[in-house]
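Please read this briefing with the sequence and the 3D view side by side.

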Amino acid sequence: TPRIVENVKSGRAHVGVCAGYLPTQHGLMTFHLFDEPSVLISSQKLTKLPDKIITNDLSNPAYSYQLNKLTTLGMIPIMEMDSYTASAKLALAGIAPALVPVSIIKMLKIDHSLCFYFESLKSLERPLYICLRHSAYRNERIKNLVDYITDSVKSDSHNMTKLIQAITVLI
């Protein structure tokens, strides 16, 4: 997310899609799309939250908020990866459960029997945003694209619960 924000601010990109919290005082126009849930992936059945997990890089400002929440939940990050794909693959190899957003699970086609959702994970949802420079939104094509995406997400937001249920074992 910090890199995407910089690319949009500099003009290298017209529009960015950011996952996680945005840096403060970014100066961009933003549209909140939705909050994406995360689930635990594990090669072994989970009946409770694990003590140790694999996470994404928590030094990244977009995800640093998760550390306090994980500590509160009693989960200690034992590995922090640069990639959710790497986290998921390590979890599937039996290293430790990994906290992974549902979009990554869907993209990797991870079997739902290896995905575990606990209600307490709700506090670890990551916001997804579209960001762009204010001047870019005055471009009719870009404005239409952003409006189309935000309208599509709003009309389909009730499907997020269905998505979680479809790909996870609810505990």
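A residue is called buried when its relative accessible area is under 20%, exposed when it is over 50%, and partly exposed in between, using a 1.4 Å probe and counting protein chains only. By that scale Lys122 is partly exposed, with a relative accessible area of 43%. This is a predicted model, in which local features need pLDDT of at least 70 and side-chain atom pairs count only at pLDDT 80 or more, while totals for chains, interfaces and linings use all residues. Residues are numbered from 1 along each chain as its sequence is written, and side-chain values use heavy atoms, with hydrogens and water left out.

**Salt bridges**

- A salt bridge here is a side-chain nitrogen of Lys or Arg within 4 Å of a carboxyl oxygen of Asp or Glu, and a search of the whole structure finds three of them.
- As background, side chains of opposite charge can pair when their charged atoms come close.
- Lys122 forms one of these salt bridges with Glu125, at 3.3 Å from N to O, and Glu125 is buried, with a relative accessible area of 15%.
- Another salt bridge joins the side chains of Arg126 and Glu36, at 2.7 Å from N to O.
- Because Arg126 lies in strand β8 (residues 126–132) and Glu36 in strand β2, this pair ties together parts that are 90 residues apart in sequence; both Arg126 and Glu36 are buried.
- Strands (E, at least two residues) and helices (H or I, at least four residues) are DSSP runs, numbered from the N terminus.
- Lys143 and Asp147 meet in a salt bridge of 2.8 Å from N to O, and both lie in helix α5 (residues 140–155), four residues apart, which is about one turn of the helix.
- Lys143 is partly exposed, with a relative accessible area of 29%.

**Strands and their pairing**

- In a regular strand the side chains alternate between the two faces of the sheet.
- Two strands count as paired if DSSP finds at least two bridges between them; β3 (residues 38–41) and β6 pair in the antiparallel sense over four bridges, and the bridge partner of Leu40 in β6 is Leu99.
- β3 also pairs with β7 in the antiparallel sense, over two bridges, and there the bridge partner of Ile41 is Cys115.

**The interior**

- A nonpolar core is a set of buried Ala, Val, Leu, Ile, Met, Phe, Trp, Tyr and Cys residues joined through side-chain atoms within 4.5 Å.
- The largest such core has 42 residues, and those with the most contacts inside it are Leu40, Ile41, Val100, Leu121 and Leu132.
- Apart from that core lies another, of seven residues, among them Val5, Val8, Cys18 and Tyr129.
- If contact means heavy atoms within 4.5 Å, and neighbours within four places in sequence are left aside, Leu121 is in contact with Ser38, Val39, Leu40, Leu49, Met75, Leu99 and Phe116.
- Ser87 lies in helix α3 (residues 84–92) and is buried, with a relative accessible area of 0%.
- Residues up to four places away in sequence not counted, Ser87 touches Ile54, Thr55, Asn56, Met81 and Ala98.

**Loops with a positive phi**

- Most residues other than glycine have a negative phi, and most peptide bonds are trans.
- Gln25, which is not a glycine, has a positive phi of about 50°; Gln25 is placed in the loop between β1 (15–19) and β2 (29–36), and counts as exposed at 79% relative accessibility.
- Lys109 also has a positive phi, near 55°; Lys109 is placed in the loop between α4 (102–108) and β7 (115–117), and is exposed, with a relative accessible area of 72%.
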